[in-house]
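These are my notebook entries on one structure. I record what I looked up, topic by topic, with the criteria applied.

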Amino acid sequence: TSHPRTRYVADLIGTNLLRGVADGLVVRCGDATVAVAEPATGPVLLTIPPRAITVHTRPPEGSARNAWPGTVTALDLLGERVRVHVSGPVPLVAEITPAALVDLDLQVGTSVWLSTKATELTTYPA
């Protein structure tokens with residue numbers, strides 16, 4: 001498993017990178033909290049694969065422990081996937097299918113919710 005230490009390297013390998021401070025199963029990333037599956041303490045880095053993030057047009061229901069509001073800032077078509085760039089308390093890039101893009105009617109400026117399960121995050125010391 002790759003453990004990027006900078007956003008530049010994370011972008012090169014196609015993953016999201018967050019910095020935060022862990023206290024057990026919760027990591028504080030700025031004003032947001034992120035639930036993780038493996039307990040940790042102190043400064044950490046988190047990676048979240050774009051394919052592990054679900055995009056919603058309203059607050060999500062279900063088993064995902066993490067859900068954050070945001071605004072679509074860019075859409076990149078990459079073959080059979082669309083990379084959805086979202087700003088917000090936890091700025092992330094999600095990957096969805098072109099069909100999901102149409103179903104969700106996403107455009108730059110669309111308000112969305114992103115969700116991911118705690119088990120999809122990788123945490124390691126900063």
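**Entry 1: conventions.** I took strands (E, at least two residues) and helices (H or I, at least four residues) as DSSP runs numbered from the N terminus. I counted two strands as paired if DSSP finds at least two bridges between them. The model is predicted, so I note that local features need pLDDT of at least 70 and side-chain atom pairs count only at pLDDT 80 or more, while totals for chains, interfaces and linings use all residues. Residues are numbered from 1 along each chain as its sequence is written, and side-chain values use heavy atoms, with hydrogens and water left out.

**Entry 2: the hairpin.** I looked up strand 5 (residues 81-87) and strand 6, which run antiparallel and are joined by five bridges. The two strands form a hairpin with four residues between them. In the turn, G88 has a positive phi of about 155°. Within the pairing, I found V82 opposite I96 of strand 6.

Entry 3: I then traced an open sheet of five strands in the order 3-7-4-5-6, with antiparallel pairing. Its edge strands are strand 3 (54-56) and strand 6, each of which pairs on one side only. From one strand to the next the twist averages 45°; for such angles, axes are lines fitted to C-alpha atoms (for helices over the stretch in contact), and angles run from 0 to 180 degrees between N-to-C directions. Strand 4 (residues 66-78) and strand 7 (residues 111-116) run antiparallel and are joined by six bridges. I located T71 opposite S111 of strand 7.

**Entry 4: burial of strand 6.** Five of the five residues of strand 6 (residues 92-96) are buried, so the strand is largely enclosed by the rest of the structure. L92, A94 and I96 point one way, and V93 and E95 point the other way. I noted the general rule that side chains in a regular strand alternate between the two faces of the sheet.

**Entry 5: salt bridges.** I counted three salt bridges, each defined as a side-chain nitrogen of Lys or Arg within 4 Å of a carboxyl oxygen of Asp or Glu. Which residues do they link in a network? The network consists of R51, R81, R83 and E95.

- R51 and E95 have their closest N and O atoms 3.0 Å apart. This pair links distant parts of the chain, with R51 in the loop between strand 2 and strand 3 and E95 in strand 6, 44 residues apart.
- E95 and R81 have their closest N and O atoms 3.5 Å apart. R81 lies in strand 5 and E95 in strand 6, so this pair ties together parts that are 14 residues apart in sequence.
- R83 and E95 meet at 2.8 Å, N to O. R83 lies in strand 5 and E95 in strand 6, so this pair ties together parts that are 12 residues apart in sequence.

I checked accessibility here: E95 is buried at 12%, R83 is buried at 14%, and R51 is exposed at 59%.

**Entry 6: T41.** I placed T41 in strand 2 (residues 32-48). With a relative accessibility of 71%, T41 counts as exposed. The C-alpha atoms of T41 and G24 are separated by 6.0 Å, the residues being 17 apart along the chain.

Definitions and conventions. Buried < 20%, exposed > 50% of the residue type's maximum accessible area, 1.4 Å probe, protein only.
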